[in-house]
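User: I have a chain open on my screen and would like to go through its side chains with you. Could we begin once it is displayed?

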Amino acid sequence: MTENWIVAAVVLIALIFLLTNGLHDASSVVATFIACGAATPLQAVMWAALLELIGAVLGGSAVAHTIAGLVLLPVDRTLLPLLAAVMIAAMVWNVLTWRLGLPSSSTHALVGGLIGSVWMMAGTEYIFWGWTELWNPGHSVSGIVKVVMGLVVSPLLGFLLAYLLQKLVAFLLRNASFSANRWLKQGQWLIVGLLAFNHGANDTQKVLGLVGLALVAAGQLGEGQPLPVEALFVGGLIMFIGILSGGWPIMKTLGSGIFTLRPIHSFNSQLSAGSALLLANISGMPVSTTHLVAGSVIGAGAADEYRMVNWAVGKEMMVAWCVTIPASALVAAVVYPLLAWLTGL
């Protein structure tokens with residue numbers, strides 16, 4: 001197998017994974033928007049897909065640099081089967097959890113795949129864990145520590161922001177008439193746009209960071225050189241197509257399986273998730289939009305009436321979150337040796 005064909009295969013696998021990412025995570029962006037009656041499914045998905053595309057092109061590259069910096073191996077052609085194994089493992093997990101209707105994290109799956117494949121190729125010492133940097137005098141947050149911190153903190157932050165916002169907005173609107181729901185529904189168009197833009201920026205960057213690493217490894221892109229705008233547009237377009245396909249089983253879980261949402265709950269959960277995701281993009285921290293939205297929905301529901309929250313769904317999601325990294329790491333550990341043998345790398 002020639003090197004050009006291997007690079008083309010890696011890029012193709014990355015785009016297919018991005019398609020499953022859009023299919024999987026579209027639900028988290030628009031679930032509450034649809035559930036509260038602010039938009040029809042078609043309107044919501046079209047609006048989100050458009051803003052996702054714009055976010056992928058204009059959202060910067062801080063997250064991509066974080067993902068690409070997790071591997072401490074020499075950046076040469078031997079990385080190509082490793083990167084393919086990472087994305088195949090994450091893609092398998094995305095499809096499985098989508099079929100089961102479980103809100104899971106594509107980011108968790110990517111990180112797990114990265115750990116499993118690097119472990120099989122060279123050992124865990126070639127993963128940039130970030131523990132030394134955390135405990136050194138500078139106390140910088142980097143590497144896997146930065147990723148895991150974002151994945152753990154993001155649903156908690158979404159929960160807290162939504163809880164506080166729900167309390168505040170409910171107090172301010174305590175004497176409002178029923179017509180206030182119309183304003184809450186209309187305001188969600190802007191907030192869903194913010195959430196979709198930042199999701200497109202964050203999630204597309206994760207995959208394009210690995211694509212850029214593959215191109216550098218093959219000598220087709222200079223180290224530190226950004227991907228061309230055309231590549232960002234193609235990545236955003238693939239995410240656009242994936243989102244148009246919808247993730248209806250997961251959408252049902254987030255939209256109605258946790259709490260019976262009214263416009264005020266949807267408004268507050270979306271604003272909380274979108275704000276937290278914006279902070280993550282600025283800091284270069286890859287986080288899970290699905291986790292953020294799930295945490296914010298639970299937070300808004302708990303602030304209004306905690307006894308009406310379906311905590312069992314939350315427990316199922318927590319189990320899925322805990323299993324994702326080891327499961328995708330195991331898949332990558334099995335897939336990588338096979339790909340290395342097939343490619344001769």
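User: Is R262 buried, partly exposed or exposed?

Analyst: R262 is partly exposed, because its relative accessible area is 44%. Buried means under 20% relative accessible area, exposed means over 50%, and partly exposed lies in between (1.4 Å probe, protein chains only). Please note that this is a predicted model: local features need pLDDT of at least 70 and side-chain atom pairs count only at pLDDT 80 or more, while totals for chains, interfaces and linings use all residues. Residues are numbered from 1 along each chain as its sequence is written, and side-chain values use heavy atoms, with hydrogens and water left out.

User: Which side chain does R262 meet in a salt bridge?

Analyst: The partner is D304, at 3.5 Å from N to O. A salt bridge here is a side-chain nitrogen of Lys or Arg within 4 Å of a carboxyl oxygen of Asp or Glu. The structure holds 1 such bridge.

User: Where do the two partners sit?

Analyst: R262 is in the loop between α10 (248-257) and α11 (263-283), and D304 is in helix α12 (residues 289-305); the pair links distant parts of the chain, 42 residues apart. Helices are DSSP runs (H or I, at least four residues), numbered from the N terminus. D304 is partly exposed, with a relative accessible area of 32%.

User: Changing topic: how many aromatic pairs are there?

Analyst: A search of the whole structure finds 3. In one of them, the ring centres of W47 and W189 lie 6.2 Å apart with the planes at 55 degrees, so this pair is tilted. Rings of Phe, Tyr and Trp (its six-membered ring) pair if their centres lie within 6.5 Å; planes under 30 degrees apart count as stacked, over 60 as edge-to-face and the rest as tilted.

User: Why does the pair of W47 and W189 tie together parts that are apart in sequence?

Analyst: W47 lies in helix α2 and W189 in helix α8 (residues 180-217), so the pair joins parts that are 142 residues apart in sequence. W47 is partly exposed at 29% relative accessibility, and W189 is partly exposed at 29% as well. Together with F33, these two residues form one aromatic cluster.

User: What about F159 and Y163: how are their rings arranged?

Analyst: Their centres are 6.1 Å apart and their planes are at 20 degrees, so the pair is stacked. F159 and Y163 are 4 residues apart in helix α7, which means a separation of about one helical turn. F159 is partly exposed at 30% relative accessibility, and Y163 is partly exposed at 29%.

User: Which residues of α2 are buried?

Analyst: They are A44, V45, A48, A49, L51, E52, L53, G55 and A56.

User: Back to α7, please. Is S154 buried or exposed, and what does S154 touch?

Analyst: S154, in helix α7, is buried, with a relative accessible area of 5%. Not counting residues up to four places away in sequence, S154 touches M149, V287, S288, H291 and L292; contact means heavy atoms within 4.5 Å.

User: And V153?

Analyst: V153 is also placed in helix α7, but V153 is partly exposed at 41% relative accessibility.

User: Last topic: what is W183 like, and where is W183 found?

Analyst: W183 is found in helix α8 and is exposed, with a relative accessible area of 54%. The C-alpha atoms of W183 and P263 are separated by 9.1 Å, although these residues are 80 residues apart along the chain.

Technical notes:
Helices (H or I, at least four residues) and strands (E, at least two) are DSSP runs, numbered from the N terminus.
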